[in-house]
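Hi everyone, thanks for making time today. I'd like to walk you through a structure that is new to this group, so please have a look at it with me.

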Amino acid sequence: MSTRRGTVRRGPTMRGRGGYRPPIGRQSIIRTRDDDEEEFMALNRSDNEVEMEQIEFGDEQKRSGGERPQYEHGSETFGDVISHPIEQFNAHRARRQTFKQNMENWRQSLPPGAPADTAVPEQDENYVVVVHFRQLRGNQSFALNHEKAEEFARKIKLTPQERIKFNGVHDTDGLTAFLYKTKREFSIKIHHHKSDLLHHSEHFHDLSHLEHNPDNHTIEFNENVYVEFKPRHHHLRDLLPVEATRRPFFQHPEPDLSADIGQEKAASWLELFYDLFYVATLTEFTHNHVIKDWASLGTYTQWFIITWWAWTASSLYTARFDTDDVVHHIWKLIEMCAVIAMAGTAEHFLSSPAYVFGYIVLKGVLVCEYSIVFIVAILARSKSRIALAFYVGANLISITLWAASLAILDQGTHRILWYLGILTEVLVNVISRGDKTLSWAASNLAERLGLLTLIVLGENLMGLIALVAKSGLNPLVVFPNFMAVVIIFGFFFMYFEDFNKEVFLHNKHHQIWVYLHFPLHLCQVAFGIALIDTLKVYRAQMIANGVITEEEDTSADGHGAESGAAESGSHATESGSESHASPSEGGDHATPTDDASHSTESSGGGSEAAHRRAKRAIKEVYPDLNIPTSISSEQPAVAIQIEAPPPYHRSGYLTLIQYAISSTALTAIQALNSTPTLEEETHTHHLAKRAAGESLDVSFTDEEKVFIYKVFLICGGLILTINSLIKLLNIKMAGDIYGKIIIASRILNAIVLWSMCALPFSQLDAIVLLSVMMGSLILQAIVDLLD
């Protein structure tokens, strides 16, 4: 028989349901036993000779005698019943008919005299066979001892005839074909690992715990293949009662977290919703606080310290002691209200009592929550009670300091009390870092910090989208916007390429890893603002050089709508240059050009500039006309005296109706009187006027331009450096040469960016900075792929 290689499906999972899947590296097999000749021919004939049939593995195996059949409920939902009532009713009738037929067959199979209400014996667990391949290889042979073969046969309930056939299976091709022919539900998973050395290790079976549920039973066939028995859960039979699934009103948290170290947790919906409030706070303050000098950057940093620590302190408690009960939801609701109060007064947070009260409420909630855990720890005599007492005390000290700052809020020294309170809370975390009963490794704080990093990067994108919405469609303007997207993506890739949720387990300096995120997030926000300002500087330079005009700087849609409305609503004709209009034969003069009015509308200048252009246009047409120095565009309001209606002598409904009619007429007349006249109205549509009015402010002084360039370069280098420090905490001193290369390349890129601060910025184009930043991040991404 000729040797033949079949195609290999490289997907992550190949399931046996629904038909035959070609085996891996199919080759001919030579057997000498006569008893296996029929099986050998069946397993090794060509694919077109195999009789294909649709196998429904969802149907249960034929029940053995003595086992009472059970009615199988469908998996339909109320939505299915509402949308397809007839189909669901017919399916229900079919299930009932099948159940009655099975019951009739079961009664006929009972021995004579046996009671028909025999108790249902406990059914054995049914398993789905998952064949795991640690590496994608060809056909592989294996040899099972008697114990493993018996265990495999018992798990999948092989009949005596099937056991005889299984004894002739000695390779992976035969195993997959045997599972298919015996109509067992199975699937194939192929795992790809970075190092082949793991597969030749003496303890290769330990690697399987990274590839499947460790609670499931497995059988090792060889060093590359093992079989997992995945239980087929009948969730419809094991539905919990309502009392077991109802959210509890109060459930005390566990004061000792040492048993939860290493257990993977995911962020709850409440935590994600809570983060949205900080997203709104960050967005509002960033858009309202203009950063154009070092003083404004310092003010932003002061606000960011308070906001970042407020989020971190709350998330640290939730990540460790969240019980997901009603009381915890109430605490979070109070915190959300406090965050909103702080966000509403953030613009003048340095002198706002409401901002202080909002922070005090946040700390008050933490005092209540930690006090509950502290009381539980005392009752349970847990070792964590000392550390919990420090947490309660630190938050009380912080509340006291912030409350004391209200007395000196009009002075600048009150900020010292604020940051002393924050420092006290940080010191408690540092002091209790060795207490395993409150270990951070029993939390999902690493995942929450990753989500916060996404929020900060999303803030950069929101600023970029707001800029793009006001930009035109000129390729010279669009291409730098795409460069900004590449830059933001580069920082995203750099951080999450090294991200590891298990950093708290493998690193005793995990608190340093957490606190490094503060300068990282601050630099990312400052860099995002500088990135948007750099794009504005680039646009201003393009306008100054005459490459693009001011009209092209506005939105294309708004400009087009405005131009079309101006053409349809004005009596002037456009001209590329100023020209004098000669009088017509009838004595009428031609209308002035549209150049003045068009430039006024598109530039969005003040009324004085419009008046000057109008005066110049009129002088060109009427040179002898004396025009006053100041022209007021306000039309005299028409005074309409409305006499009050005479008092009504009649009462009742008629009087009320007359009063309502007169009041409505009076309101309508006043509204018409306050409506602007035709000369005051712009001839554009109201939507086009809004789009055109939101023109970009691209005017920067030389000092502001130098500040923007320096923040862009310095923060970009700091982000590279901080990411290097974050990665350095997980790099081993011995080995891991690629990790050290990545760190060195990031530091080198940061030095290059910082050295550019010495360039003469007055002669430097913004596109140069964008190109250098994008190129360095692309090169860094290529280097990061080494690890």
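Let me begin with one term: a residue is called buried when its relative accessible area is under 20%, and exposed when that value is over 50%. Please also keep in mind that this is a predicted model.

With that cut-off in hand, take Phe304. Its relative accessibility is 5%, so Phe304 counts as buried. Tyr300 is buried too, with a relative accessible area of 1%. Both residues sit in helix 9, which covers residues 294-321, and because they are 4 residues apart there, about one helical turn separates them.

How are the rings of Tyr300 and Phe304 arranged? A pair of aromatic rings is described by the distance of the centres and the angle of the planes. Here the centres are 6.3 Å apart and the planes make an angle of 20°, so the pair counts as stacked. In total, the structure holds 37 aromatic pairs. Ring pairs also join Tyr300 and Phe304 into a cluster with Phe285, Trp303, Trp308, Phe349, Tyr355, Tyr359, Trp402, Trp418 and Phe518.

One more ring deserves a stop. Lys332 lies over the face of Tyr274, 4.0 Å from the ring centre.

Now let's step back to the whole chain. The protein chain has 26 helices and 5 strands. Of its 787 residues, 40% count as buried. If you take the contacts between residues at least 6 apart in sequence, 77% of them join residues at least 24 apart.

On to a pair of helices. Two packed helices are described by the angle between their axes and the distance between the axes. For helix 18 (residues 517-544) and helix 24 (residues 702-728), the axes come within 8 Å and cross at roughly 145°. The crossing of helix 18 with helix 24 is left-handed. What kinds of residues make up the contact of helix 18 with helix 24? There are 17 nonpolar, 6 polar and 2 charged residues.

Last, please find Asp784, in helix 26, which spans residues 766-784. Is Asp784 buried or exposed? Its relative accessible area is 2%, so Asp784 is buried. Which residues is Asp784 in contact with, leaving aside neighbours within four places in sequence? They are Phe493, Met494, Glu497, Ile742 and Arg746.

Conventions:
Residues numbered from 1 in each chain as written. Predicted model: local features only at pLDDT ≥ 70, side-chain atom pairs only at ≥ 80, totals over all residues. Heavy atoms only, no water. Axes fitted to C-alpha atoms, helices over the stretch in contact; angles between N-to-C directions. Helix = DSSP H or I, 4+ residues; strand = E, 2+ residues; numbered from the N terminus. Left-handed = near helix turned anticlockwise from the far one by under 90°. Nonpolar A, V, L, I, M, F, W, Y, C, P; charged D, E, K, R; others polar. Phe/Tyr/Trp six-rings, centres within 6.5 Å; stacked < 30°, edge-to-face > 60°. Buried < 20%, exposed > 50% of the residue type's maximum accessible area, 1.4 Å probe, protein only. Lys NZ or Arg CZ within 6 Å of the ring centre and 35° of its normal. Contact = heavy atoms within 4.5 Å.
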